[in-house]
Amino acid sequence: MKRSRYTHTFGPLYDKDSKILILGTFPSVKSREGEFYYHHPMNRFWKVISRITGCHEPVGISEKKEMLLKNRIAIWDVVKECDIEGSSDSSIRNVVPNDIGFLLENSKIDKIYANGNKAFELYNTCCFSKIGKKAVKLPSTSPANAAYSLNRLVGCWESIIFPDRKLDTKKQHNLY
């Protein structure tokens, strides 16, 4: 597959009350086709978010937006434009970052999380010096991260994003 130049075609999801920002790298081929985040059916992002927020797993884009905003969660990607081969994060080159500062200025975001190693790396190399706010790395919800089961992802994300919770995740979210 050949590396091609792409520009992010949809904006961030946030509102003035958003407190948490979760950053991905750049939309996958399926997300670019569906024009929304984490559109690949094997990506576990929506399952993880629904379980850590105690919501039913959303079906359509409007339900996904509603669930995130209700829980004060914003999502966006670090990369605005890049050269990429298919959906491969490891192939990303010649990055133009999104204006994360704009998002922080227009919301109540006080915590930034990166969905996976590459998002974390790109945030640190392309955005941190302008933003001055550290991001916390989360294990990737990508199907390529086969080392993490859904239960393990839910447990990790919940303990990192909501460290004060004293929940038995398996019991709370019927994961048996």
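## Close-up views of a predicted model

**View 1. Trp157 and the residues around it.** Trp157 has a relative accessible area of 0%, so Trp157 is buried; here buried means under 20% relative accessible area, exposed over 50% and partly exposed in between, with a 1.4 Å probe and protein chains only. This is a predicted model, in which local features need pLDDT of at least 70 and side-chain atom pairs count only at pLDDT 80 or more, while totals for chains, interfaces and linings use all residues. Residues are numbered from 1 along each chain as its sequence is written, and side-chain values use heavy atoms, with hydrogens and water left out.

**View 2. The largest nonpolar core.** How many residues does this core have? The largest nonpolar core has 43 residues. Such a core is a set of buried Ala, Val, Leu, Ile, Met, Phe, Trp, Tyr and Cys residues joined through side-chain atoms within 4.5 Å. Leu21, Ile22, Ile49, Ile75 and Trp157 have the most contacts inside it.

**View 3. Aromatic pairs.** Seven aromatic pairs turn up in a search of the whole structure. Rings of Phe, Tyr and Trp (its six-membered ring) pair if their centres lie within 6.5 Å; planes under 30 degrees apart count as stacked, over 60 as edge-to-face and the rest as tilted. The ring centres of Phe36 and Tyr37 are 5.4 Å apart and the planes stand at 75°, so this pair is edge-to-face. Phe45 and Trp157 also form an edge-to-face pair, with 5.9 Å from centre to centre and 80° between the planes. This second pair links distant parts of the chain, 112 residues apart: Phe45 is in helix H2 (residues 45-53) and Trp157 in helix H7 (residues 150-161). Helices (H or I, at least four residues) and strands (E, at least two) are DSSP runs, numbered from the N terminus. Ring pairs join Phe10, Phe36, Tyr37, Tyr38, Phe45, Trp46 and Trp157 into a cluster.

**View 4. Charges over rings.** Here we look at two arginines, each over a tyrosine ring. A charge sits over a ring if NZ of Lys or CZ of Arg is within 6 Å of the ring centre and within 35 degrees of the ring normal. The charged end of Arg32 is 4.2 Å from the centre of the Tyr6 ring, and Arg152 lies over the face of Tyr148, 3.8 Å from the ring centre.
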